[in-house]
Structures are given as structure tokens and as C-alpha cells.
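Here is a short tour of one part of a protein model, written to be read with the structure open beside it.

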Amino acid sequence: MKIVKYVALTLLSFGTIIASASAHAINRLEIEYYGNLQDSTWGVTNSYVFTDATGNFWAYTPYSGNPNYEQSVSFIYESNVRFERWITLAFSPDTLGLNRLIPGIYENAVRFPMNTYGPGLDFSNTGQGFNTLEGRFQIFEIERDSTGRYTSLAASFEITGNNGTSKYITGKLWYNTDVFVGQVGTVSTVPEPESIAMLFAGLGLLGVVVRRKQA
């Protein structure tokens, strides 16, 4: 009987965790700016947080209609005060249509859309960006609807500027989601859906065994 109660409580706990984890989708962009990129808009070594309260968020496929960019995603944040602040980001597995952009870590990214065979990344702030870029990024979640429109995106990124000698910019992005997002290279501590399904299956089997013993 104790085992049955334990199984029930465990199932209830995981159900609560799953429900709370998917209950509140958010839009949020966090930026940390290091070093000196001679960018008066940002300054040096500052942190910024943008949310629904400060502006609007969009995610879309760049160069719509071109199959080479179908797996890439562009993102825009625009402040409520027009022209005060707009930020663009882009994440791409390649620009030849060879790979899908899926959750995972993408190393050795160069400026999108000049990345061709490898990962691409781009960033600009209120019209100021990079001529060349080196960095990496991690996709934690990316989803589309039946029409191909992006419905959620979660990612983190690091940009090292022109020569790769210093970390200039790091950031985290939540678009219509609340999943865990860590620094690039972080392994999520939240169970994936497949792992949760296996856990439920195992607990269900345990319940069957207990009932047979009691019979």
C-alpha cells in the first residue's frame, strides 16, 4: 500500500510540474554587453532586460520564399516608444537548406547570412551591428504551426565580435515560451517529453506489479 501511495504522489507531483511549466508563455530578451565595441547606444559592461511591458516581439522566416533560408529564423524586438530601441537577431544552421534548425548547440557561427555551410548568427541594436561576427548559440525550443509560422523560440547566444579575442555580447531569448534557457553549453535540468513519458510508463508498470502481489 505504501508503494501505491508513493506512485500516486509521484505522478501527481510530476503532473503539477508539467502543468506549471507550460502555463505561462512569456516574451523576454536579456542582453549583457561587455568590452568596448565603440557603440554609444549601449555603453560598456551593461545589462538590459526587455519584456512585453517595454515593447513588442516577432519571429519570422528571413527572405521568405527562398528555400535556402526556410530553416533560419529572424527575431525583432521593438520598444513601445517608436525608434527608441529595436533589436534584431538571426539564427541559422546554414544558408543552403541542408540542415534543420533544431534544439542543440551551434558552435563556430559567423555572421548570417554569410554563413553558407555552417551556423549563422546575427545581432544589431537600433541600426548598429557587426561587419563580421564570430560566436555560438544554443536553441532550447523552436516550434512552428501548420503554415510554417514560428510560434515559439527559446535561445541563448554569445558574440565575440570581429576577432574572437573577447566576449562582447551574451543574451537569452524567450519568444512565446517559458522553457528553461541557460548560457550556451548549458544542459537543461527540466525533463524532455520523451523522458517524462518513459517515467510514467515505468511508474505504471510498477503499479501493475504491486497490484499483482497484493492479489
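This is a predicted model: local features need pLDDT of at least 70, side-chain atom pairs count only at pLDDT 80 or more; totals for chains, interfaces and linings use all residues.

## Around strand β7

Asn 108 is found in strand β6.

From here we can follow the chain onward. Strand β6 spans residues 104–111 and pairs with β7 in the parallel sense over two bridges.

Is strand β7 enclosed or open? Six of its six residues (120–125) are buried, so the strand is largely enclosed by the rest of the structure. Both faces are covered: Gly 120, Asp 122 and Ser 124 are buried on one side, and Leu 121, Phe 123 and Asn 125 are buried on the other.

| Partner of β7 | Sense | Bridges |
|---|---|---|
| β5 | antiparallel | six |
| β6 (residues 104–111) | parallel | two |
| β8 (residues 128–129) | antiparallel | two |

On the β5 side, have a look at Ser 92, which lies in that strand (residues 86–92). The side chains of Ser 92 and Asn 115 are joined by a polar contact of 3.3 Å. Leaving aside residues up to four places away in sequence, Ser 92 touches several others, including Ser 72, Leu 101, Phe 112, Pro 119 and Phe 137.

At the other end of the story, Asn 125 has Gln 128 as its bridge partner in β8. The hairpin of β7 and β8 has two residues between the strands. Thr 126 is found in that loop, and it has a positive phi of about 50° although it is not a glycine. Most residues other than glycine have a negative phi, and most peptide bonds are trans.

Finally, the nonpolar core. The largest one has 32 residues, and those with the most contacts inside it include Phe 123 and Phe 137, along with Leu 29, Phe 91 and Ile 139. Strand β10 (residues 150–159) gives the largest share of this core, five residues.

How values were computed. Residues are numbered from 1 along each chain as its sequence is written. Side-chain values use heavy atoms; hydrogens and water are left out. A nonpolar core is a set of buried Ala, Val, Leu, Ile, Met, Phe, Trp, Tyr and Cys residues joined through side-chain atoms within 4.5 Å. Buried means under 20% relative accessible area, exposed over 50%, partly exposed in between (1.4 Å probe, protein chains only). Helices (H or I, at least four residues) and strands (E, at least two) are DSSP runs, numbered from the N terminus. A polar contact is a pair of N or O atoms within 3.5 Å; within protein, one must be able to donate a hydrogen and the other to accept it, and residues adjacent in sequence count only if both atoms are side-chain atoms. Contact means heavy atoms within 4.5 Å. Two strands pair if DSSP finds at least two bridges between them.
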